[in-house]
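Visitor: Please take a close look at one part of this model, with its pairing described step by step. Please then relate that part to the packing and the aromatic rings of the structure.

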Amino acid sequence: YFPAPEGQMIARTGFNDGIDSPDVIAQMKIKEIFFSGHAQLDAGHFQIYYKGLLASDPGLYESYADAHDANYNKSTISHNCMLIHDPNEQPMKWYHVDLLNSGGQKPINNASEVAHINQHLAEDSPYRIGKVEGYEFGPDPVKPEYSYLKGDITKAYGDKVKDYERSFMFLNLNNKDNPAAMLVFDLVVSSNNNFKKTWLLH
């Protein structure tokens with residue numbers, strides 16, 4: 001478990017390497033602070049690896065802060081997150097790049113960096129986009145049967161969302177044919193019930 005400011009957990013069924021490894025690895029991310037720059041709009045993202053990437057982050061740096069980087073690589077649409085589309089959302093920018101309205105999370109202050117780290121860390125900072133509400137793993141802390149992470153990522157989406165909590169549960173099934181299971185539960189209340197919601201899985 002990686003606590004604030006990341007709010008992230010890595011779970012795995014074992015530590016064997018190679019394409020024939022029987023082990024599953026999962027990344028679960030709440031993301032408490034948006035740090036701009038190389039940060040991505042990926043609060044609530046997850047990845048799963050089993051003999052290759054099953055659920056991935058397909059973004060690719062071709063160059064920094066161009067249209068592809070801002071509208072795909074760093075955007076929510078290239079992550080295993082939720083899109084919540086407000087058709088009347090005000091235009092946004094990533095630095096100087098115009099962002100398409102894909103329904104994703106919002107870059108704070110056009111993704112501009114702050115002058116001092118305390119501007120990120122202050123309790124009332126607008127860069128605080130998420131909050132871990134609970135985490136647990138066990139009963140054996142070295143080889144847990146379950147790994148759980150829950151967080152509130154409402155602020156990552158701005159005013160189009162009233163409440164958004166995402167919960168993850170990774171289960172080590174100790175079964176060679178079905179080694180693990182991953183559950184993702186979303187509780188979403190948008191500011192307008194008609195906003196289209198899309199659950200992404202890459």
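Guide: The account below begins with a sheet, continues into a nonpolar core and ends with aromatic pairs and a helix residue.

This is a predicted model, in which local features need pLDDT of at least 70 and side-chain atom pairs count only at pLDDT 80 or more, while totals for chains, interfaces and linings use all residues. Residues are numbered from 1 along each chain as its sequence is written, and side-chain values use heavy atoms, with hydrogens and water left out.

The part in question is an open sheet of four strands in the order S8-S9-S10-S11, paired in the antiparallel sense. Strands are DSSP runs (E, at least two residues), as helices are (H or I, at least four residues), numbered from the N terminus; two strands pair if DSSP finds at least two bridges between them. Strand S8 (131–138) and strand S11 (180–190) each have a single partner strand and stand at the edges, so one side of each lacks a neighbour in the sheet. From one strand to the next the twist averages 5°, an angle between axes fitted to C-alpha atoms and taken from 0 to 180 degrees between N-to-C directions.

Strand S10 (residues 161–172) is joined to S11 by 11 bridges.

A nonpolar core is a set of buried Ala, Val, Leu, Ile, Met, Phe, Trp, Tyr and Cys residues joined through side-chain atoms within 4.5 Å. This core has 37 residues, and among those with the most contacts inside it are Ile-84, Trp-94, Leu-149 and Tyr-164. Strand S1 (8–12), strand S2 (25–29), S3, strand S5 (82–85) and S10 each give two or more residues to the core. Ile-84 is in contact (heavy atoms within 4.5 Å) with residues including Val-161, Tyr-164 and Val-188, leaving aside neighbours within four places in sequence.

Trp-94 is also buried, at 0% relative accessible area; buried means under 20%, exposed over 50% and partly exposed in between (1.4 Å probe, protein chains only). Trp-94 forms one aromatic cluster with Phe-34, Tyr-64 and Tyr-95.

The structure holds seven aromatic pairs, where rings of Phe, Tyr and Trp (its six-membered ring) pair if their centres lie within 6.5 Å, with planes under 30 degrees apart stacked, over 60 edge-to-face and the rest tilted. One of them is tilted, because the rings of Phe-46 and Trp-199 have planes at 40°, with centres 6.0 Å apart. Phe-46 lies in strand S3 (residues 46–49) and Trp-199 in strand S12 (residues 196–199), so this pair ties together parts 153 residues apart in sequence. Phe-46 is buried at 2% relative accessible area, whereas Trp-199 is partly exposed at 40%. The rings of Trp-94 and Tyr-95, with centres 6.5 Å apart and planes at 65°, are edge-to-face.

Lastly, Asn-71 in helix H1 (residues 67–73) counts as buried at 17% relative accessibility. The side chain of Asn-71 reaches the backbone oxygen of Asp-98 at 3.2 Å.

Technical notes: Polar contact = N/O pair within 3.5 Å; in protein donor to acceptor, adjacent residues only side chain to side chain.
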